[in-house]
Amino acid sequence: MTIDKSFVLDLYRVNDNNFDSIALSLFRFQAVNNPVYRDYLKYLSVDIRTVTTVNEIPFLPITFFKNHEIKTGSWQEQTSFTSSSTTGMIPGRHFIHNIDFYLQHARKCFEYFFDSLEKYHFFALLPAYLERQQSSLVSMIDYFIRASGSPFSGFYLYEHDKLLKDIQQARQQQPQRIPLLWGVSFALLDLAEGHHPDLHDCLVFETGGMKGRRKEITRDELHTVLKKSFHVNTVYSEYGMTELLSQAYTRGGKKFFTPPWMKILIRDVADPFMVLQPEKSGAIQVIDLANWATIAFVETEDSGKVMADCSFEVMGRLDNSDVRGCNLMVE
């Protein structure tokens, strides 16, 4: 196996029938060519020749991104993304082999669920992310804004009046497009409480997190407030993180759905090598085949469960794990 354009093409041909074989091939490649992962497997005394199923693959703890350079092969990064963190905490860093691949891949993830970017006006209310450097979310949304081709799409810090004025102008001048508001939780709550705008014709996406600006609440509580204040029936959520190149999305409820190149496994908290059956809660592990240049097998610090239809729910943070700034709300 080689990491080249042919693998990227295979990435978008993946389906339920070939996912496991592609994942196992990538595991064997990364187990040999990723120095950090190779040493980690050696520490665990794992013989890669004995790993014959996806459930047997050891996942690299996400904390390794804080102190190690995670790369498969030898290459110079075009950029890097860092996770948000509170004072005194070490952020995770994800080195990006090809920024164009990341941006176009993020587009594929979004369009897999929500149709073409050109269908929307993107209004981004992401003050906490805009106020720091090297945010993967800001890079993604900036690309969505540019690729949408809408003259009304843009970022907003705390200019709520301008945001609502621009949404209204977009409605009037390009009514064929759908306004899409994408925001961090505390900023959406500020907008809801301060203005109670009528966004009945908009799609509203929350990306989680109070960033220390507000008391943490459950996702259900957040959605209840936003739906009532914005006059919408549905609020969508995104599950993504600095250490992953792919994103999962809800369709308006609690359950997240993954694109074909992403898979969630739940492990027993007491036994990192035991994968749990559907409906059992434990630690979320992610296979992200788009992480072909770094590590595709990431053990997160989130707890959750996989459903029978392969969707998953995020229940909160694992006990005794660092609480990062991009922490999802505890359910």
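Reply: The buried residues of α3 pack against α2 (19-33), β1 (60-61), α4 (64-67) and β14 (297-306). Keep in mind that this is a predicted model. The helix itself, α3, spans residues 35-43, and its buried residues are Val36, Tyr37, Tyr40 and Leu41. Why do they end up on the same side of α3? Because they cover an arc of only 130° around the axis. So that one side of α3 carries the buried residues, and the partners they pack against include the helices α2 and α4 as well as the strands β1 and β14.

Now for the helix pair. The axes of α9 (residues 185-195) and α10 (residues 219-230) come within 10 Å, crossing at roughly 35°, and the crossing is left-handed. On the α9 side, Ser185, Leu188, Leu189, Leu191 and Ala192 make the contact, meeting Leu222, Val225, Leu226, Ser229 and Phe230 of α10. Sorted by class, that contact has eight nonpolar residues, two polar ones and no charged ones.

As for the cysteines, the disulfide count is zero, taking a pair of sulfur atoms within 2.5 Å as the rule. Cys109 is in no disulfide, and the nearest cysteine sulfur, from Cys310, is 17 Å away. Is Cys109 buried or exposed? Its relative accessible area is 0%, so Cys109 is buried. Cys202 has 6% relative accessibility, so it counts as buried too; the cut-off for that is under 20%.

Technical notes. Residues are numbered from 1 along each chain as its sequence is written. This is a predicted model: local features need pLDDT of at least 70, side-chain atom pairs count only at pLDDT 80 or more; totals for chains, interfaces and linings use all residues. Side-chain values use heavy atoms; hydrogens and water are left out. Axes are lines fitted to C-alpha atoms, for helices over the stretch in contact, and angles run from 0 to 180 degrees between N-to-C directions. Helices (H or I, at least four residues) and strands (E, at least two) are DSSP runs, numbered from the N terminus. A crossing is left-handed if the near helix is turned anticlockwise from the far one by less than a right angle, and right-handed if clockwise. Contact means heavy atoms within 4.5 Å. Ala, Val, Leu, Ile, Met, Phe, Trp, Tyr, Cys and Pro count as nonpolar, Asp, Glu, Lys and Arg as charged, and the others, Gly among them, as polar. Buried means under 20% relative accessible area, exposed over 50%, partly exposed in between (1.4 Å probe, protein chains only). The arc is that of the directions from the helix axis to the C-beta atoms.
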